[in-house]
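Colleague: I'd like to learn how to read a model like this one. Can we take it feature by feature?

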Amino acid sequence: MPDVQHLLLFIAAGWLLNLTPGPDVLYIVTHSLRSGARAGMVAGLGITAGCFVHIFAAAVGVSALLAASATAFTVLKWMGAAYLLWTGINILFSRRPPAATDLMAAAASEPQRPLKAVFIGGFWTNVLNPKVAIFFLAFVPQFIAPDAASPALAFAMLGVLFNLNAIPVNVGWALVAAWLARRDAVQRGMHWLDRAAGVMFIGFGIKLALADQPAN
């Protein structure tokens with residue numbers, strides 16, 4: 001493990017990276033706006049579970065395979081792009097009732113997506129994105145000492161720390177989005193927020209589909 005100074009730098013860099021909007025953040029915010037903070041938090045936990053897959057895969061070398069194999073990267077890339085496009089289209093063409101006075105009224109007038117489905121959706125949103133795997137492979141080793149006795153173990157421990165540090169950031173996104181959803185102006189514009197989220201998911205899917213394999 002790095003010394004205290006480098007460990008604090010690792011934590012700070014992780015928080016900044018997790019604050020950057022992307023498909024994971026959009027997934028959390030969308031579910032918080034539509035179904036409240038609880039759904040947003042569950043979405044974040046699903047994403048966290050997906051990150052654990054990338055962390056341990058990278059620790060045993062699977063991410064190195066993705067970085068080295070054009071075929072493996074392309075297969076996972078197209079699967080992830082298809083999933084993001086499918087999610088975006090579902091949101092874009094979903095039907096909502098007229099704007100309600102508050103989130104509770106909206107929930108009463110519209111069946112909510114089961115939390116299990118929200119969790120699984122967050123999990124696959126993260127797992128099927130090969131750029132997350134490549135990110136861990138590129139970011140975490142910078143904080144591992146060259147003379148580390150077990151680089152794989154150090155990688156796994158830092159990856160777990162990075163992932164656990166992301167939880168309060170994800171909770172923050174969920175709470176802020178749920179608070180915004182209770183504002184009258186946001187309620188009146190929820191239909192258009194859904195459409196914007198759908199377009200953004202489709203955009204992320206297209207961006208992933210067009211992404212080149214990172215240089216070795």
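Modeller: Helices (H or I, at least four residues) and strands (E, at least two) are DSSP runs, numbered from the N terminus. This is a predicted model, where local features need pLDDT of at least 70, side-chain atom pairs count only at pLDDT 80 or more, and totals for chains, interfaces and linings use all residues. Residues are numbered from 1 along each chain as its sequence is written, and side-chain values use heavy atoms, with hydrogens and water left out.

Colleague: Is Asn 165 buried or exposed?

Modeller: Buried means under 20% relative accessible area, exposed over 50%, and partly exposed in between (1.4 Å probe, protein chains only). Asn 165 has a relative accessible area of 14%, so it is buried. Its C-alpha atom is 8.9 Å from that of Asn 18, 147 residues away along the chain.

Colleague: How many helices and strands does the protein have?

Modeller: Eleven helices and zero strands. Of the 216 residues, 46% are buried.

Colleague: What about pockets?

Modeller: Rolling a probe the size of a water molecule over the atoms shows where empty space is left. On a 1 Å grid over the protein atoms alone, a pocket is an open set of points where a 1.4 Å probe fits, with protein on both sides within 12 Å along at least five of seven lines; lining residues have an atom within 4 Å of a point. A volume is the space filled by probe spheres set on the points, which are joined across faces, edges and corners. Here the largest pocket holds about 700 Å³. Its lining has 26 residues, with Gly 22, Pro 23, Asp 24, Asn 129 and Val 132 nearest the centre. Elements giving two or more residues to that lining include α1 (4-19), α8 (130-139) and α9 (151-181).

Colleague: Where is Ile 120?

Modeller: Ile 120 is in helix α7. Ile 120 counts as partly exposed because its relative accessibility is 37%.
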